[in-house]
Every structure is written in structure tokens, then in C-alpha cells.
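Q: Could you walk me through reading side-chain features in a model like this one? I'd like the general idea each time, then the actual case.

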Amino acid sequence: MGSSVSHAAAPPPPPSPPAVGLAVALPPKQDEKAEPKNVDWLNLPCPVPFEEIQREALMSLKPELFEGLRFDFTKGLNQRFSLSHSIFMGSMEVPSQSSDTFKVPTAHYEFGANFLDPKLMLVGRVLTDGRLNARVKCDLTDNLTLKINAQLTNEPHFSQGMFNFDYKGTDYRTQFQIGNNAFYGANYIQSISPHLSLGTEIFWLGHQRKSGIGFAARYNTDKMVATGQVASTGIVALSYVQKISEKVSLASDFMYNHLTQDVTSSFGYDYILRQCRLRGKLDSNGVVAAFLEERLNMGVNFILSAEVDHRKKDYKFGFGMTVGE
């Protein structure tokens, strides 16, 4: 009896530990698989401004090309105020009725003053030919921003001014514009999904008795950006940007003008190296362009610009230097 009782009360032997390799090789259970993240339709991201829906494509396809010599110097006086000096010597194209391109040598000096604050930005430029350019950006509230762009010249009827009121919502943006020549405009863009946003714009030009309406769409992910625009003025514009890596991106665009029956398409690239940035494009008219920014030292950049049009025999080459941040 005692022997049988003692064996019944004895604890069972501990189980043998599983093999490590066997445990790793076992497939995960069905409930441990990652489930797709649910979309919060009431908390969509805020879209980019309506006028900047093609900003990725413009970085590659619309570099700031120039012809001649350019030198820019910026000196910071303190954390908010800085002065700039710019010298340009080159040529300027003169409009003509023929297909030939006429260029006139020109040179000018530009003096600028910049005031940068988290809620206020003031930028002014004065040129030797009498032109005055000014930009103002003021955050009236956390969501409402006032922008002012003005250009004053000595020639009559060539001065321009524009007031923009931008409102940023949680998942939308809207803008109202007032300009000279009785110009009024408004646009609105709304996020439809985490990657898709739709927008529309209208404008009225009182002096010319012209009005128009346009629609736009933008679809963006971490690897690509696609946009489309159509307007009652007869313009259809499409763009696509593919991000190959963090340093390389390819871009293409297509533009059709129904009134003039003009069709233009282009292909461009944006390549960021360790000490330089190279951008270029090739369009359907046979124009090849390239823009190189080489960083020589801290705050010193060397610039090369080239645009070749064999059909019109128009060749533009420029080089320059930028000093200061």
C-alpha cells in the first residue's frame, strides 16, 4: 500500500525542452500574421497647396536655367536679417515674328534684404534698371496665412501686385487671390484618401473679361507622385515622378493646349551626389538641358547651366557661383 501511494503522489517528470532550431522553423500561427492597417477616414493628411501639386516634377523638369555669368552673395547680419548681392551678365531674348531668336546683351546688379521669422518673412529686391520686387508672408493665425507679391517698374501698366489668403485645415487647403487688373481667383484641394487628393480652381480677369475653371488630382506614395490638371482654357497637364532611391528620381510630363494645338512632353532626372546635384531634361522639341550645382566648400557652390536647341540653333550656356547660406 505504501509503495502504491508513494508512486501516485510523486510529481510527473518535467517535459523535455524543445529544440531551438525546431521552434524557429515552425510557421507562425494564423492570428499572428500582420493585418492591414485600417484607414482613419476622419483623420486624413493635409494635402499640398493647390499651386504646388507638381512641385516634385518641377524640381527636375524646370531648373533655373540661365545664360552668361551669375554671382550671388548672401551675408547674414543676425539670425533673422541678411543682405544679398547679385550680379548677372548675359543676354536677353527679344520677341520677334520670325522663328529666329534675337538676343540683346544685358547686365544688371541686384541688391536684396531678407527678414526671416517663424511667423513673418520679408524679402525685397532692387535692380539697377529700376525694378523693385517684394514678397511678404505673414501667419495671421495658426491656420491663416497672408502672402503678398509685388513688382514695381518704371514702365506704365507693367507693375503687378497679388494678395493671397491661404487657409490650412486638417485635411484640406483653400486659397483666395486678389490682384491688379481686377483679378480674382480661388482654389480648394481636399484629401480623399491617404494618397489621393482632388482640387478645383476658378479665376476672373476683369479688364480682359476672361474667366476660367480648372480641376486637378494628385496621387502620391513613398515611391511615386502622379498629377493631372485640366482647365477650361484648353490646357491639359500630366506629370509623373518615380523615386528610384533617396538620391535618384525620374520625372516626365505632358502638356496639351487645345487652342493652339500644341503638344509638349519631356523627360527629366534629378540625381543627388555627395557633393553635387545634377538635374536635366529632354523634351519633344529636341531641347536638351542640364543644371549642375557643385558644393566646393561650406557655403560656396559652383553652378553650371546648359540648354541646347539644335532645331532653332539656340545655345545657352552659363556658369556662376553662390556664396553664403
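Predicted model: local features only at pLDDT ≥ 70, side-chain atom pairs only at ≥ 80, totals over all residues.

Q: What describes a pair of aromatic rings?

A: Two things: the distance of the centres and the angle of the planes. In this structure the count comes to three aromatic pairs. One of them is F183 with F203, a stacked pair with 6.5 Å centre to centre and 20° between the planes. That pair links distant parts of the chain, as F183 belongs to strand β9 (residues 183-191) and F203 to strand β10 (residues 196-205), 20 residues apart.

Q: Is F183 buried or exposed? And what about F203, how much relative accessible area does that residue have?

A: Here the cut-off matters, because buried means under 20% relative accessible area and exposed means over 50%, with partly exposed in between. F183 has 17%, so it counts as buried. F203 has 29%, so that residue is partly exposed.

Q: Which residue lies over the face of F66?

A: That's R70, at 4.7 Å from the ring centre.

Q: Let's move on to charged side chains. Where is D270 found, and in which strand?

A: D270 sits in strand β15 (residues 262-272). With a relative accessible area of 6%, D270 is buried.

Q: Which side chain joins that of D270 in a polar contact?

A: The side chain of R277 does, and the polar contact is 2.6 Å. If you set aside residues up to four places away in sequence, D270 touches S60, K247, V248, S249, R277, L278 and R279. R277 therefore turns up both in this list and as the polar partner of D270.

Q: Now a lysine. What can you tell me about K147, and in which strand is it found?

A: K147 is part of strand β6 (residues 144-152). Its relative accessible area is 22%, so K147 is partly exposed.

Q: With which side chain does the side chain of K147 make a polar contact?

A: With that of D166, at 3.2 Å. Leaving out neighbours within four places in sequence, the residues in contact with K147 are E51, V136, K137, M162, F163, N164 and D166.

Q: How far is K147 from M162, taking the C-alpha atoms?

A: The separation is 8.1 Å, and the two residues are 15 residues apart along the chain. M162 is also among the contacts of K147.

How values were computed
Residues numbered from 1 in each chain as written. Heavy atoms only, no water. Helix = DSSP H or I, 4+ residues; strand = E, 2+ residues; numbered from the N terminus. Buried < 20%, exposed > 50% of the residue type's maximum accessible area, 1.4 Å probe, protein only. Polar contact = N/O pair within 3.5 Å; in protein donor to acceptor, adjacent residues only side chain to side chain. Contact = heavy atoms within 4.5 Å. Phe/Tyr/Trp six-rings, centres within 6.5 Å; stacked < 30°, edge-to-face > 60°. Lys NZ or Arg CZ within 6 Å of the ring centre and 35° of its normal.
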